[in-house]
Amino acid sequence: MNITTIGMDLAKNVFALHGVDERGNSVLRKSLRREQVEPFFARLLPCVVAMEACGSAHFWARKLQSLGHTVRLIAPQFVKPYVKGNKHDAADAAAICEAASRPSMRFVSVKTADMQAVLALHRVRNGMIKARTAQANQLRGLLAEFGVAIPQGMARLMSQVKILLSHDDNGLPPLMRDLTQRLLSHLQVLDRQVQEIDNQIKQLARQSQACRILEQVPGIGPITATALVATVGGSINEFKNGRQLAAFLGLVPRQHSSGGKERLLGISKRGDGYLRRLLIHGARSVLFHTLRKPERTSTWLAQLASRRNSNVACVAQANKTARIVWAMLAHNQEFRYDLAACSTQAIPV
């Protein structure tokens, strides 16, 4: 079979394949079990294999690339318009194959195993922070039912609860005392695990040359630097300019234009929400330190914050940070304060 393009619908056990030749005629419709996928593609001549960028897509992409095939990952929202008829595995595979043949289709770059490991570390850290916050709020709320008011803050909560448990006349029933001790122990375990992951991320940032360069940018620390390098570090050349990277992260206005009249709405919020949140939090820190010093009130960011909402200024600074990141990674340059000052008429932070 002279197969040029194969669309593969990924699953846990059963994979649907749809292949076409150079004329676009269907020459392959097949379902494979998981253990049959690798032997099948090992016997096949090198061709283009398209898949949705979903769970396990990067693993299979690396596996098929090692067999000599060209892998193209497509975002699921770009495949949906090509689905014909009802929703089933064969139709999804045909839609993936059709979408991959479009000349204007945008593809997702394949991540290495190390990049996925770093991103997994970030996801675990984010989940533990959410669990720690939920545990702290639960402990604070339960103690409030017994008349114990604890100020905000994780450190204050732990210290106040320790002092509360050290006194025998705290007014808590024995059952509540044991429950509070158990919740406090769980909270301390979560906090210790978050600190260990933070130290591991800092160690990874020190070992990476790209991360050390990105940490020179105001508003970027080890966490943001490692997340940026793991997400876009290997595919930075696929972005033509800094605005494309900012659009990829959802930091540009969303349009709803018609009839020649442009209507710009809020930011599009496309792409990786975790990475966008890190950039905006870093921009918020830059804005805070800029407004604290009187000699910096004439900077671009301070002037923007004076006439617009502070959240708008933070998003604008995050957009600028994304453009700076693209320039540094694409041209392999370090951060230069003189260029930043000339481009925005701002004093470096």
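In this predicted model, helix H6 meets helix H7 through Met154, Leu157, Met158, Val161, Lys162, Leu164 and Leu165 on the H6 side. The H7 side of this contact consists of Arg177, Thr180, Gln181, Leu184, Leu187, Gln188 and Asp191. By residue class, the contact of H6 with H7 comprises 8 nonpolar, 3 polar and 3 charged residues.

**Geometry of the helix pair**

- Two packed helices are described by the angle between their axes and the distance between the axes.
- Helix H6 spans residues 154-166, and helix H7 spans residues 174-207.
- The axes of H6 and H7 come within 11 Å and cross at roughly 145 degrees.
- The handedness of the crossing of H6 and H7 is left-handed.

**Aromatic rings**

- The structure contains 4 aromatic pairs.
- One of them joins Phe59 and Trp60, whose ring centres lie 5.2 Å apart with planes at 70 degrees; this pair is edge-to-face because planes over 60 degrees apart are classed in that way.
- Phe15, Phe59 and Trp60 are linked by ring pairs into a cluster.

**Cysteines**

- A disulfide is a covalent bond between the sulfur atoms of two cysteines.
- The structure holds 0 disulfides.
- Cys211 counts as buried because its relative accessibility is 3%.
- Cys314 is likewise buried, at 1% relative accessibility.

Methods: Residues are numbered from 1 along each chain as its sequence is written. This is a predicted model: local features need pLDDT of at least 70, side-chain atom pairs count only at pLDDT 80 or more; totals for chains, interfaces and linings use all residues. Side-chain values use heavy atoms; hydrogens and water are left out. Axes are lines fitted to C-alpha atoms, for helices over the stretch in contact, and angles run from 0 to 180 degrees between N-to-C directions. Helices (H or I, at least four residues) and strands (E, at least two) are DSSP runs, numbered from the N terminus. A crossing is left-handed if the near helix is turned anticlockwise from the far one by less than a right angle, and right-handed if clockwise. Contact means heavy atoms within 4.5 Å. Ala, Val, Leu, Ile, Met, Phe, Trp, Tyr, Cys and Pro count as nonpolar, Asp, Glu, Lys and Arg as charged, and the others, Gly among them, as polar. A disulfide is a pair of cysteine sulfur atoms within 2.5 Å. Buried means under 20% relative accessible area, exposed over 50%, partly exposed in between (1.4 Å probe, protein chains only). Rings of Phe, Tyr and Trp (its six-membered ring) pair if their centres lie within 6.5 Å; planes under 30 degrees apart count as stacked, over 60 as edge-to-face and the rest as tilted.
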